[in-house]
Amino acid sequence: MGKYGGPGGGENEERKRSETVSANNGANFVMKLGAWAFTGSHSLFAEALHSFADVTNQLILAYGIHKSKQSADVVHPYGYTTMRYVSSLISGAMIFCVGAGLSIQHGISGLLGPTEVLPLYWAFYILGGSMITEGGTLLMAVHAIRKGAQEQQMSFTEYVFRGQDPSVNVVLLEDMAAVMGVAVAMGCMGLTSLTGSHIPDACGSCLIGGILAAVSGFIVYTNTAALVGKSIPQHRLEKINEQLERDVLIRAIYDVKGIDMGTGLVRYKAEVDFDGRELTRGYLDKQDLEVLLKEMQSLKTIDEVEAFMLKHGENIVDSLGAEVDRIETILKKSHPEIRHCDLEIL
């Protein structure tokens, strides 16, 4: 499994990062909730909800990461790697339901029912501390995605949009939303402090809810596409096809599919047209042709001819199975991301 869930990283590194993010979000939630209880700021309430959603999401993602490492069994013969996408999808819905919906609702309530504006200056220190911690985890996520993108030979943007590592993508987007949300809260609270009007603070809660809704929509979209089953990038599929077509036994390949199973793993399937003459020539190269000729010359009856054909026909079919196994082994060795390789003989 990869760093923070992708190929090539360490499980300890992933766990440490998850613990760090969870601790930061938990501390931010407590501080923002306390500041909201003291000031009644609508923007602070939205930010407290945001941090609470982040803590909950980290728990959901941690379960998804743990479950995705479970070995394949009879019920799930292809393993549990897609559990990362399932947990990320639930996480996206959680952001929308808990963060976006309640933030917008609270902001609208603030606009319709104005309340007394209390001093907000000291709350800026809490938001400043939150900006530092959220920014730190954001940099960690950016670093992880850059390394993952390099391993997958993708650009940073392509890696994110294709949802190659859903758990890291969710953290990246959550932290981006958190940094933007803190900036919006500080700006709106600053306007409220300067003008004495409740409107900027209430609008800040709505804006934060809008940011969370946008992030939620992107997370739901990318993970839904992954769960439905999406192809690997065309250039990667062509590299696998080129190596398969170079084999002397293969005349052509049809109906090729390379499905992304999550976290860089691939299920590759192709219908293969084998060259029967090359296969037979390979079988004959392993036989003593003089002995084979004598055996053929000794055939006297139809039953003996039938037995001869059945014997060598079965051996050729067995050699075909061995050749398929050989080709699949070569593909997996040359392309380690291929977890399952299915070659169908035409």
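A salt bridge is a side-chain nitrogen of Lys or Arg within 4 Å of a carboxyl oxygen of Asp or Glu. The model shown here is predicted, and it holds 12 salt bridges. One of them joins Glu323 and Arg326, whose closest N and O atoms are 2.6 Å apart.

- Glu323 and Arg326 both belong to helix H11, which spans residues 302-334.
- The two residues are 3 apart in the chain, or about one turn of the helix.
- Glu323 has a relative accessibility of 18%, so it counts as buried, because buried means under 20%.
- Arg326, with a relative accessible area of 32%, is partly exposed.

**A network of charged residues**

- Salt bridges that share partners also link Asp255, Lys257, Lys269 and Glu271 into one network.
- Within this group, the side chains of Asp255 and Lys257 form a salt bridge, with an N to O distance of 2.6 Å.
- Asp255 is partly exposed, at 37% relative accessibility.
- Lys257 is partly exposed as well, with a relative accessible area of 38%.
- Another salt bridge connects Glu271 to Lys269, and here the closest N and O atoms are 3.8 Å apart.
- Glu271 counts as partly exposed because its relative accessible area is 22%, while Lys269, at 13%, is buried.
- As a general point, side chains of opposite charge can pair when their charged atoms come close.

- Ile104, Ile108, Leu111, Leu112 and Ile199 make up a nonpolar surface patch of about 430 Å².
- Helix H3 (residues 83-112) gives the largest share of this patch, with 4 residues.
- Leu111 is located in helix H3.
- The relative accessible area of Leu111 is 35%, so this residue is partly exposed.

- Ser43 sits in helix H2, which covers residues 42-68.
- Its relative accessibility is 0%, and Ser43 therefore counts as buried.
- Which residues does Ser43 contact, leaving aside its neighbours within four places in sequence? They are Ala185, Cys188, Met189, Asp201, Gly204, Ser205 and Ile208.

Methods
Residues numbered from 1 in each chain as written. Predicted model: local features only at pLDDT ≥ 70, side-chain atom pairs only at ≥ 80, totals over all residues. Heavy atoms only, no water. Buried < 20%, exposed > 50% of the residue type's maximum accessible area, 1.4 Å probe, protein only. Contact = heavy atoms within 4.5 Å. Patch = residues over 30% accessible without salt bridge, like charges linked within 9 Å, V, L, I, M, F, W, Y side chains within 5 Å. Areas by Shrake-Rupley, 256 points an atom, 1.4 Å probe, with all protein chains shown as cover.
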